[in-house]
Amino acid sequence: MVRPTQLLHPQRPPAAVRPAATVLLLRDAPQGVEVLMTRRSMTASFAPGAYVFPGGGIDASDAQAHSQSTRRATQSDLHLTQAIAAIRESFEELGILLARRADGSHLDTAQIAGLDRKAPFAALCDSQGLTLSGAEVFVLAHWVTDRDLPRRFDVPFLVARMPEGQEPVADESEQFEPLWVRPADALARHAAGQFFIIFPTIRTLERLQAYATVDDVLSACSVNDEPLFTSCPRAGLMNGHESRHMEHEQPFGELAMVCPDGKIVHELAWQTERPVPLLKNVQRLTAPNPGFMTGPGTNSYVVGDPSTGHIVIDPGPDDPGHIERLWRAAGGDIRAIVCTHSHPDHSPGAARLKALCVAADLDQPPVLGLPSAPTSRENSRFTPERALTDGERLVLVGADGDHLSSHTLQVVHTPGHAANHLCLLMEEDGLLFSGDHILNGSTTVIDPPDGHMGDYLASLAKLDRLCEAHSVHFILPAHGYVLGDHPRSADNPGGPEHGGARAAIAHLKAHRLAREAKVARAMQALPEGGMDDWVKLAYDDVPERLWPVAKRSMLAHVERIESLGGFNG
């Protein structure tokens with residue numbers, strides 16, 4: 001894990017989460033599914049004035065009312081308690097009663113109007129001969145409030161069909177203006193500034209748009225009685241404005257590393273003029289070479305601190321402005337320059353960066369890496385001043401007063417994207433500098449003959465073992481934001497089971513193997529075909545304009561399939 005001493009911002013413990021439940025009451029309408037929403041009081045302590053789904057805190061009485069409710073065989077005690085809480089809150093806030101008489105009927109709006117909404121709920125239902133419809137309430141999603149907020153909740157977003165014969169009647173104290181709305185319309189009105197909804201509501205409505213009928217929603221939620229997704233989002237700044245992100249979105253891992261406690265201080269907008277501090281001992285400077293293959297640009301990393309000096313990873317293209325900015329980010333104190341591989345957006349800047357150090361009459365940093373193989377393309381030739389060895393450690397050590405500082409980078413040979421590709425593992429902080437082997441936002445191209453799919457997958461397995469051994473949570477790629485997060489815990493219930501780095505590697509491996517299976521099926525379907533025929537089937541989910549690039553990786557898949565004897569066309 002990242003050493004607390006390397007974090008940029010003083011840490012504070014996030015507020016404790018409180019258990020709560022909310023329910024999306026749904027109905028079928030001519031234009032599609034509609035959901036019941038209501039406006040919160042302007043004096044509410046949480047999300048005042050926002051349009052929400054009915055719900056609230058879970059009471060001890062909710063767990064004691066199990067015997068008064070129906071229950072699915074697969075419904076856990078926790079989910080039943082949450083369902084009962086949502087049923088109770090819907091009644092108290094909107095006069096909607098998800099409960100049935102002995103004959104299976106619901107009370108209608110007029111009958112509900114005669115009930116005391118403030119009376120003890122379970123006793124009230126018992127007196128009316130009603131059985132709570134817990135079995136008809138399903139878990140759609142699980143949200144945990146962002147770490148930056150002073151009031152936090154652990155909330156299942158439940159779904160249920162609106163009872164026939166009932167109309168919502170707001171309590172006019174906590175909830176106002178109930179209305180039925182299609183998810184797409186609610187989102188459009190919010191985008192136009194006419195309908196205030198908060199982040200979890202937005203993302204839930206976005207997911208809800210995918211379903212044509214209420215039955216479709218309930219069927220999806222009933223598959224295994226678990227949430228379709230779980231999230232504890234994180235927030236940063238995008239050009240100075242608050243920007244929230246779920247776990248699967250590209251900035252999430254970077255926010256987790258830079259601001260683990262949830263402070264909204266980290267700027268996410270890409271720029272090339274200034275280094276971006278990620279930790280006290282890691283800066284990122286993105287080269288001004290954005291494009292189809294490079295994304296926002298190639299990331300150069302400056303590792304170290306003033307007491308230890310610095311190692312520059314991937315100086316990038318030979319761009320004078322970028323190289324000078326790198327030199328200044330290191331305060332001119334560069335002890336080594338490491339190129340993860342020989343491609344033209346990674347290694348050419350090394351010579352110019354070293355020349356700046358020489359011109360300033362400073363120590364001459366060696367240019368390190370692995371020499372390009374004979375299979376490399378003409379524009380990807382690279383010969384380091386010293387070849388690194390697999391497992392070698394590059395160590396920076398210094399003293400700041402009485403404090404000893406050290407940063408150790410372990411060299412990891414990872415052929416696949418290129419024969420001479422290497423990654424660097426920062427041992428003290430559990431960071432993996434992945435070069436082009438693992439990217440954020442895209443998958444790296446495996447371009448034979450220098451690229452090799454079998455080697456690539458083997459290198460992924462090697463990195464997974466190292467990440468497990470060194471508790472690596474974060475991957476710093478050559479293109480895109482930092483990947484990863486802390487593993488799932490009480491403070492991070494939305495985190496991955498095994499830690500973000502291993503989860504990213506597992507996801508990438510699964511994606512590669514799924515693509516390879518599609519390539520194999522395409523080859524079997526068209527045994528007399530060729531690359532132009534197979535790419536249409538194997539990459540039918542990729543825009544046609546990208547097929548020329550896709551064919552390069554597809555060739556690597558074809559070679560591996562044939563080497564494994566998986567196709568005998």
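This report describes aromatic ring pairs, and charges placed over rings, in a predicted model.

Residues are numbered from 1 along each chain as its sequence is written. Local features need pLDDT of at least 70 and side-chain atom pairs count only at pLDDT 80 or more, whereas totals for chains, interfaces and linings use all residues; side-chain values use heavy atoms, without hydrogens and water.

A search of the whole structure finds 8 aromatic pairs. Rings of Phe, Tyr and Trp (its six-membered ring) pair if their centres lie within 6.5 Å; planes under 30 degrees apart count as stacked, over 60 as edge-to-face and the rest as tilted. Two of the pairs involve Trp 143, as tabulated below.

| Pair | Centre to centre | Angle between planes | Class |
|---|---|---|---|
| Trp 143 and Phe 157 | 6.3 Å | 55° | tilted |
| Trp 143 and Phe 229 | 5.6 Å | 85° | edge-to-face |

Trp 143 belongs to strand β7 (residues 138-144) and Phe 157 to strand β8 (residues 152-161), 14 residues apart. Phe 229 lies in strand β10 (residues 229-231), so its pair with Trp 143 ties together parts that are 86 residues apart in sequence. Strands here are DSSP runs (E, at least two residues), numbered from the N terminus.

Trp 143 has a relative accessible area of 2% and is buried (under 20% relative accessible area, 1.4 Å probe, protein chains only). Phe 157 is buried as well, and Phe 229, at 10%, also counts as buried.

Arg 207 lies over the face of Phe 229, 4.1 Å from the ring centre, and Arg 512 lies over that of Tyr 456, at 5.0 Å.

Note on methods:
Helices (H or I, at least four residues) and strands (E, at least two) are DSSP runs, numbered from the N terminus. Buried means under 20% relative accessible area, exposed over 50%, partly exposed in between (1.4 Å probe, protein chains only). A charge sits over a ring if NZ of Lys or CZ of Arg is within 6 Å of the ring centre and within 35 degrees of the ring normal.
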